[in-house]
Amino acid sequence: MFWFLLIAMVVVVAAVTLAVVGGGDSEVLPEVAPEQLVDPLPASRPVDRADIEALRLPVTARGYRMADVDDVLGRLGAELAERDARIAELQAALAGGHGGAGPSLRKDDEDR
């Protein structure tokens, strides 16, 4: 009885393995095409908060695709650097417009 159960178990395991692997020319489990990130960030204008909130990176078996994450982070880093440079430029122009006399007066200070 033991040998019969052992042989039956081996036959069942072999049949399941052949069914999963595909024992012929026809594929039982076809290869799934990997998800590719279609650059959802707009190329014609700066990225805004809504673009970042709508961004969904494709997931793979081990997590996110590193190339897609690197591309998105590189784009965001470049845009933040541009914005920081523009802010510094505007602050320098504002300080130069006041003649460097000190901080500008606030509305509360003007009323006094």
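Is Glu89 buried, partly exposed or exposed? In this predicted model, Glu89 has a relative accessible area of 47% and is therefore partly exposed.

The protein contains four helices and two strands. Read from the N terminus, the order of these elements is α-α-β-β-α-α. The protein has 112 residues, of which 9% count as buried. Its accessible surface amounts to about 9800 Å², and carbon and sulfur atoms contribute 63% of that area. Among contacts in the protein with a separation of 6 or more, 47% are accounted for by residues 24 or more positions apart.

Helix H1 spans residues 2-21. A nonpolar surface patch of about 860 Å² is formed by Phe2, Trp3, Leu6, Ile7, Met9, Val10, Val11 and Val13. One of these residues, Val11, lies in helix H1 and has a relative accessible area of 52%. Val11 therefore counts as exposed, the cut-off being over 50%. Phe2 and Trp3, which also belong to the patch, are both exposed.

The count of aromatic pairs is one. The ring centres of Phe2 and Trp3 are 5.6 Å apart and the ring planes stand at 70°, so this pair is edge-to-face. The angle decides the class because planes over 60 degrees apart count as edge-to-face.

Salt bridges number seven in the model. Side chains of opposite charge can pair when their charged atoms come close. In one of the salt bridges, the side chains of Asp68 and Arg65 meet at 3.1 Å, N to O. The two side chains are also joined by a polar contact of 3.1 Å. Asp68 is located in helix H3. With a relative accessible area of 7%, Asp68 is buried, whereas Arg65, at 23%, is partly exposed. The two residues fall into these classes because buried means under 20% relative accessible area.

Helix H3 covers residues 66-97 and includes Glu79. Glu79 forms a salt bridge with Arg75, in which the closest N and O atoms are 2.9 Å apart. Glu79 and Arg75 are four residues apart in helix H3, so about one helical turn separates them. At a relative accessible area of 11%, Glu79 is buried. The side chain of Glu79 also reaches the backbone nitrogen of Val47, at 2.7 Å. When neighbours within four places in sequence are left aside, Glu79 is in contact with Arg45, Pro46 and Val47.

A further salt bridge joins the side chains of Arg86 and Glu89, with an N to O distance of 2.6 Å. Arg86 and Glu89 are three residues apart in helix H3, which means that about one helical turn lies between them. Arg86 is partly exposed, with a relative accessible area of 44%, and Glu89 is likewise partly exposed, at 47%.

Definitions and conventions: Residues numbered from 1 in each chain as written. Predicted model: local features only at pLDDT ≥ 70, side-chain atom pairs only at ≥ 80, totals over all residues. Heavy atoms only, no water. Phe/Tyr/Trp six-rings, centres within 6.5 Å; stacked < 30°, edge-to-face > 60°. Buried < 20%, exposed > 50% of the residue type's maximum accessible area, 1.4 Å probe, protein only. Polar contact = N/O pair within 3.5 Å; in protein donor to acceptor, adjacent residues only side chain to side chain. Contact = heavy atoms within 4.5 Å. Patch = residues over 30% accessible without salt bridge, like charges linked within 9 Å, V, L, I, M, F, W, Y side chains within 5 Å. Areas by Shrake-Rupley, 256 points an atom, 1.4 Å probe, with all protein chains shown as cover. Salt bridge = Lys/Arg side-chain N within 4 Å of Asp/Glu carboxyl O.
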